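Please open the model in your viewer and keep the sequence beside it.

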Amino acid sequence: MTTKSFSRRRILTGAAALSTAAILPRASLGAGDWRPTETVRLIVPAAAGGSTDVMGRMLAAHLQTAWGQSAIVENRSGGGGTIGTAEVVRNKGDGHTILVGNPGPNAIAYSIFRNLTYKSDQLQPVSNLIRIPNIVSSHPSTGIKSIPELIAFIKANPDKLNYASSGVGQSPHLTAAWFLQLTGLKMQHVPFRGAGPALQAALAGDIQILFDNLYPTLPQVEAGKLTGLCVTTPERSASAPNLPTMRDGAPELAKFDVSSWFGIFLPKAAPAPVIDALNKEIKVFLEREDTKKNIAAMGARTDYGTPQQFSDFITAETAKFGEIIKREGLQMDVN
């Protein structure tokens with residue numbers, strides 16, 4: 001077990017177990033700042049233990065101490081994150097119900113689901129929290145050690161490689177789809193029900209190429225069981241500084257930028273004082289040294305922004321994924 005994987009496990013376990021946090025110092029409040037008058041609910045549209053859940057619990061602990069009001073996390077998984085998101089949309093925008101969002105329900109869903117029950121304009125972006133790169137890796141038996149080598153191999157051996165992802169329409173799948181669209185190449189997609197089974201298939205050599213979130217793949221790369229080819233963000237990851245970026249691989253990939261991100265939303269009706277107060281506390285939370293340390297252990301970096309900056313980011317992410325999905329001809333139903 002690597003130090004990084006142990007650190008991340010500790011963060012996941014500790015954050016999931018965190019309830020109220022007297023461990024965090026109280027943030028100062030100006031005279032005009034909004035404050036909640038009842039329990040604050042942070043809706044996590046995913047199961048407990050994952051990155052969305054961890055960030056929700058860390059932020060809930062901070063808000064409870066900062067605002068002096070109970071803040072609890074409620075997991076509402078299902079439908080690729082759309083069930084929990086739809087619940088937030090139906091709530092009053094009074095600041096007492098907060099969504100911890102991610103690319104699935106808040107960027108990808110708008111293009112891929114035929115029967116989505118909410119629209120992007122029913123949510124108010126407040127700020128992003130963190131960004132985590134995706135990673136591309138190969139089984140050592142292929143001999144492929146870089147993106148240029150992957151491109152050369154596919155050109156010389158059409159239809160010989162397959163790749164795994166955590167499922168159709170998930171961020172890793174769309175990462176692969178965009179790579180293939182930009183390079184004009186083809187590989188056979190083998191979707192799995194989750195990152196764990198996809199990783200196991202790659203480790204066994206049943207799948208030659210794996211597109212995944214940075215974790216859980218990175219520890220396997222560090223152990224030499226898989227070969228890391230690149231990360232998918234514009235900059236290298238501090239957790240894997242020796243891995244080049246996808247952009248480094250070929251001129252046609254110069255604008256490549258895909259990450260898993262986790263941010264905060266309110267119902268659209270939320271008034272400006274509520275939005276501003278929550279955004280302010282997110283900034284304080286992300287600037288804490290203990291927060292930075294915990295986030296780094298997850299292989300992530302902080303990504304605070306104003307509501308307008310986050311809104312612009314969501315618009316760009318929705319358009320980017322929408323174009324990838326359109327080219328792939330992907331359409332699904334929420335189930």
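What follows is a list of selections, with a note on what each one shows.

This is a predicted model, in which local features need pLDDT of at least 70 and side-chain atom pairs count only at pLDDT 80 or more, while totals for chains, interfaces and linings use all residues. Residues are numbered from 1 along each chain as its sequence is written, and side-chain values use heavy atoms, with hydrogens and water left out.

**The whole protein.** Begin with everything selected and coloured by secondary structure, which shows eleven helices and ten strands; these are DSSP runs numbered from the N terminus, helices being H or I of at least four residues and strands E of at least two. The C-alpha trace spans about 65 × 45 × 35 Å along its principal axes. Buried residues, meaning those under 20% relative accessible area with a 1.4 Å probe and protein chains only, make up 56% of the 335 residues. Of the contacts (heavy atoms within 4.5 Å) between residues at least 6 apart in sequence, 79% join residues at least 24 apart.

**The largest pocket.** Next select G80, S166, Q170, G194 and A195, which are the closest to the centre of the largest pocket among the 46 residues that line it. A pocket here is an open set of points on a 1 Å grid over the protein atoms alone, where a 1.4 Å probe fits, with protein on both sides within 12 Å along at least five of seven lines, and lining residues have an atom within 4 Å of a point.

**The cores.** Select L42, M55, I130, I264 and L278, which touch the most other members of the 50-residue largest nonpolar core, a core being a set of buried Ala, Val, Leu, Ile, Met, Phe, Trp, Tyr and Cys residues joined through side-chain atoms within 4.5 Å. A second, separate core has 47 residues, including L99, M187, F211 and L253.

Finally, centre the view on H139, in the loop between strand 4 (123–138) and helix 5 (147–156). Is H139 buried or exposed? H139 counts as buried because its relative accessibility is 16%. Leaving aside residues up to four places away in sequence, H139 touches A202, L203, A204, G205, I207, Q208 and L226.
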